[in-house]
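Work through the exercises below with the structure open beside you. Try each task before you read its solution.

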Amino acid sequence: MNRRSFLKVAGLAGGGLALRGFFVSSASAEEVEIDPANSPWFFAELRSDGSIHLELGKHEMGQSAPSGLAMLFAEELGAKWSSVSVSQKSLNARSMPFYKTPQGGTTGGSSSVHTLWGPMRTAGASVREMLIQAASKRWSVPVGELIASEGKVTHSKSGQAIAFHELATSAVTLPVPAEPKLRDPKEFKIIGHPKPNARNSQLSSGMAEYGINKTLPGMKYAAIIRCPVWGGSLKAFRAEAALAMPGVEDVFSIDGVAKIEDPFYAHKPGVVVVADSTWSAFKARDFVEVDWDLGENGRANMDTIAARVEKEEYVKSEVRSDYGDPVATFASAEKTLEVVYESNFQAHMALEPLNATAVVDGDKVEVWTSTQNPMGGSTAIAGALGIAEEGITIHSCPAGGSFGRRANIDFIVEAALVARGAKHPVKVTWSREDDTQHDFFHPYERSVWKGSLDENGEMNSIQNTYAVTGSPHFWWLLHPGFLPYGLKDQKVVGNMLDYPVAVGAWRSVVEHLGAFSEEGFIDEMAHLAGQDPYLFRLEHARRAVVSHGEDDYWGSILSRTVRLLEAVGETLDWNGVLPANKGRGIAVAKFGSTVVVEVAEVEVSAGDFKVTKVDAFVGAGLVVNPQLAENQIEGAILWGISAIKYGKLTFENGQIQERNFDEMELVRMNEVPEMSIHFLEDDGPMGGMGEPGVPALAPAVLNAIFAASGKRLRSLPANREELA
Amino acid sequence: MPQKYTLTINDREQAVEAEPDMPLLWVLRDKLDMTGTKFGCGVGRCGCCTVHLNGTAVRSCQMPVSGVEGVAITTIEGLSESGTHPVQEAWKEENTAQCGYCQAGQIMSATSLLMANKKPTDSEIDAAMSGNLCRCGTYKRIRKAIVRAGESL
């Protein structure tokens with residue numbers, strides 16, 4: 001494989017550096033070799049109009065991670081934030097070495113900004129140093145007399161200044177410094193400041209280039225009838241009626257993945273309708289008769305899962321923590337509690353339904369879609385079509401939401417198979433019904449908690465055993481507790497149930513499952529002890545810091561937790577009197593290194609509840625962009641309310657029964673609570689922002705419902721009938 | 001059988017050929033390559049497809065093309081060619097969008113409200129905007145942007 005990339009550098013009128021695909025102008029061109037895996041010039045372009053464009057490896061799905069990464073680069077470079085634009089670099093043979101670095105890979109886990117904190121700053125600083133070196137040569141002045149700021153290199157002694165792009169063609173020939181000097185955080189002008197998303201204008205015009213908007217000359221439109229049950233297979237189909245419908249051009253079948261292993265790399269068998277418009281394809285689909293062998297999952301429902309739990313039919317088990325002797329402590333304790341919590345399947349429901357547009361020409365495939373996992377998509381296409389990855393290009397468009405769904409590769413592979421079968425460029429569009437029915441749902445989990453109190457009313461043992469649906473390939477699924485409460489006798493055991501319906505990663509993934517039951521249970525322990533649930537948590541968290549210390553990673557997380565809990569008492573009137581039907585609840589959760597404490601106020605009525613206020617206290621170390629971070633936490637709170645209040649899905653006959661927004665509801669404008677987000681910065685480990693606001697919401701709400709009504713609800717979504 | 005229709009979109013006449021029941025949403029997106037108006041659900045429950053018919057916000061996924069001849073249709077593209085309509089400017093100032101997919105529909109609903117009422121109360125905003133879903137949860141800033149836009153109109 002040819003790993004060497006050459007950049008043809010042309011002397012553009014007005015300076016500037018065009019990088020994309022080896023620009024060659026009519027002027028004489030010099031060839032500069034750059035290493036896609038190690039050169040900032042591979043992804044940073046200093047344009048002749050003074051703007052800076054970054055083509056990054058991370059995916060934009062509304063979480064604004066690419067803007068965050070661009071801020072790190074722009075700060076170190078010394079660029080004006082308003083001059084920076086970002087997009088995602090296409091994945092192909094040439095960019096694969098770049099995608100194999102931490103700049104590429106999968107986008108997810110709220111990890112982009114904090115894992116690339118060092119690399120992006122280093123990249124920006126290295127470009128700064130190369131530009132300064134180039135200016136130093138041009139002016140024959142020492143490097144130490146030059147500064148790079150506001151998009152220019154300036155020599156204050158002589159009053160000379162030159163825009164970055166005018167130095168670019170010289171700078172790019174210099175060796176990339178391996179350890180450039182980074183700026184002092186005290187001097188940050190961009191990082192740590194509220195800044196608009198780099199794509200702010202595009203987003204407000206509604207003109208961002210979503211995958212669903214892609215068109216190609218000669219493009220056809222396709223819709224797919226997929227096997228409605230996980231693991232089922234296609235027996236036969238009859239297309240005569242569909243073929244007679246307006247605009248329909250072809251109907252054929254595509255195979256599912258040869259063997260279902262990791263669900264993230266599986267796609268379903270289907271019957272494809274190809275037509276001259278999306279509408280024609282959707283309509284004609286209803287007239288295809290398909291015979292499926294639904295397989296054993298065709299009879300599955302919640303009783304199937306309950307039976308597996310009852311019989312302890314697990315496909316995998318792991319002891320996630322095991323300290324002391326919680327069984328003995330529990331057996332001899334003064335007061336004990338045993339409770340069961342259940343989290344049900346939840347859908348992603350991103351507003352842009354899944355879609356992908358593909359063109360296949362022999363062993364060359366080009367796909368336009370939104371994906372958190374272009375490398376996975378590329379590998380899956382190669383496998384499904386029996387071609388080499390070298391011929392595959394994946395263009396990743398900004399997504400109209402993803403929340404984990406677009407980390408699966410199913411919709412990418414399908415489009416390649418459809419384009420091959422249709423022998424034309426094709427856009428495959430999923431209807432809302434498709435998007436729901438063929439989701440990879442937030443898993444089901446049943447969690448049993450046993451806790452005990454000593455004679456002082458302090459927790460002295462916790463045991464948690466849970467059963468969660470998933471695949472043994474989901475190495476991340478059997479989660480530990482967070483439990484920042486200093487328990488010396490603690491055991492957490494995770495058991496995996498085989499999944500009768502597809503499951504995957506849903507915004508905040510296992511932390512959502514874990515925090516839901518954990519913080520409901522902790523609240524119940526507080527009430528068992530006859531103590532205030534806020535003070536109970538604070539005192540236990542303080543005790544944890546005292547016994548563990550603050551010097552290691554876990555200690556920094558524990559002390560962060562204490563500071564956040566203390567901030568609750570300093571900021572809110574926790575004990576303030578509320579009207580009779582209102583209650584206040586608190587919950588603590590962690591996602592990665594980000595700790596979040598949420599306090600919810602909820603109004604309870606007969607058979608219903610309304611979240612009226614949420615305060616979130618967020619500890620993530622340094623906050624790169626307070627405006628965009630606040631946006632994420634507020635969005636996460638609303639995401640959480642939708643899940644606890646409206647997320648109910650019915651699982652019967654191997655299928656989730658709900659299909660569209662006439663059967664499923666989401667939080668709307670008229671139900672938005674008052675929200676205040678409080679960031680507490682510290683010098684501890686940096687955490688992410690996209691997901692951490694979610695896990696604490698549901699338990700805070702249920703704890704508030706208990707405070708308001710005396711009724712303890714233990715399921716997600718909440719069973720509102722219990723409030724009648 | 002496809003029929004010929006003449007539609008008035010953003011003050012221009014557009015000739016299209018489509019099945020009579022094809023929703024205006026898909027005529028815009030697939031026949032006219034006007035992809036600012038978005039598909040979200042197809043059952044009129046998400047608001048992503050919102051356009052104006054004679055200035056009133058409607059869900060274009062529920063409007064068969066055969067029913068919209070002779071009506072002034074305004075899409076997001078028609079608010080401003082440069083994306084600088086006062087409502088869009090307010091959206092930018094409030095850093096409203098996250099993924100942005102719902103925002104064209106949100107802006108169309110908001111503009112229709114503001115054209116009739118520059119100072120909507122909170123419940124008037126609720127009533128006008130609760131048909132537009134936002135899965136990213138940007139509602140708080142949508143409300144702020146509406147109030148801000150109203151002040152500048």
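Predicted model: local features only at pLDDT ≥ 70, side-chain atom pairs only at ≥ 80, totals over all residues.

**Exercise 1. Describe the hairpin formed by β7(A) and β8(A).**

Step 1. Find the two strands. β7 of chain A covers residues 152-155, and β8 of chain A covers residues 160-163.

Step 2. Get the direction and the bridges. The two strands pair in the antiparallel sense, over 4 bridges.

Step 3. Gln160(A) in β8(A) stands opposite His155(A).

Step 4. Inspect the turn. There are 4 residues between β7(A) and β8(A). One residue in the turn, Gly159(A), has a positive phi of about 75°.

**Exercise 2. Work out the strand order of the sheet in chain B, and name its edge strands.**

Step 1. Read across the sheet. Its 5 strands run in the order β2-β1-β5-β3-β4 in chain B. The sheet is open and its pairing is mixed.

Step 2. Take the edges. These are β2 (12-18) and β4 (56-59) of chain B, each of which pairs on one side only.

Step 3. Check the turn between neighbours. On average, neighbouring strands of this sheet are turned by 45° against each other, direction ignored.

Step 4. Zoom in on one pairing. β1 of chain B, residues 3-9, pairs with β2(B) in the antiparallel sense over 7 bridges. Within this part of the sheet, Lys4(B) has Glu17(B) in β2(B) as its bridge partner.

Step 5. Examine the loop between β1 and β2 of chain B, where Asn10(B) is found. Asn10(B) is not a glycine, yet its phi is positive, about 50°. Asp11(B) lies in the loop between these strands too. Its phi is also positive, about 65°, although it is not a glycine.

**Exercise 3. Which strands of chain B do α1(B) and α4(B) lie across?**

Step 1. Start with α1 of chain B, residues 24-31. This helix lies across β1, β2, β3 (50-53) and β5 (72-74) of chain B. It runs at about 95° to β2(B).

Step 2. Move to α4 of chain B, residues 103-116. It lies across β3, β4 and β5 of chain B, and runs at about 35° to β3(B).

**Exercise 4. Characterise the interface between chain B and chain A.**

Step 1. Count the residues. Chain B gives 50 residues to the contact and chain A gives 59 residues.

Step 2. State the area. About 4,500 Å² is buried between the two chains, and carbon and sulfur atoms give 57% of it.

Step 3. List the polar links. There are 27 residue pairs in polar contact across the interface. The count of salt bridges between the chains is 4. Glu665(A) forms a salt bridge with Arg45(B), where the closest N and O atoms are 3.1 Å apart.

Step 4. Assign chain B's side to elements. Those giving two or more residues are α1, α2 (76-79), α3 (86-93), α4, α5 (122-129) and α6 (139-152) of chain B. The largest share, 5 residues, comes from α6(B).

Step 5. Sort this side by class. It has 23 nonpolar, 13 polar and 14 charged residues.

Notes:
Residues numbered from 1 in each chain as written. Chains lettered and ligands numbered in written order. Heavy atoms only, no water. Pairing = 2+ DSSP bridges. Axes fitted to C-alpha atoms, helices over the stretch in contact; angles between N-to-C directions. Contact = heavy atoms within 4.5 Å. Buried area = accessible area lost by both parts, 1.4 Å probe. Salt bridge = Lys/Arg side-chain N within 4 Å of Asp/Glu carboxyl O. Polar contact = N/O pair within 3.5 Å; in protein donor to acceptor, adjacent residues only side chain to side chain. Nonpolar A, V, L, I, M, F, W, Y, C, P; charged D, E, K, R; others polar.
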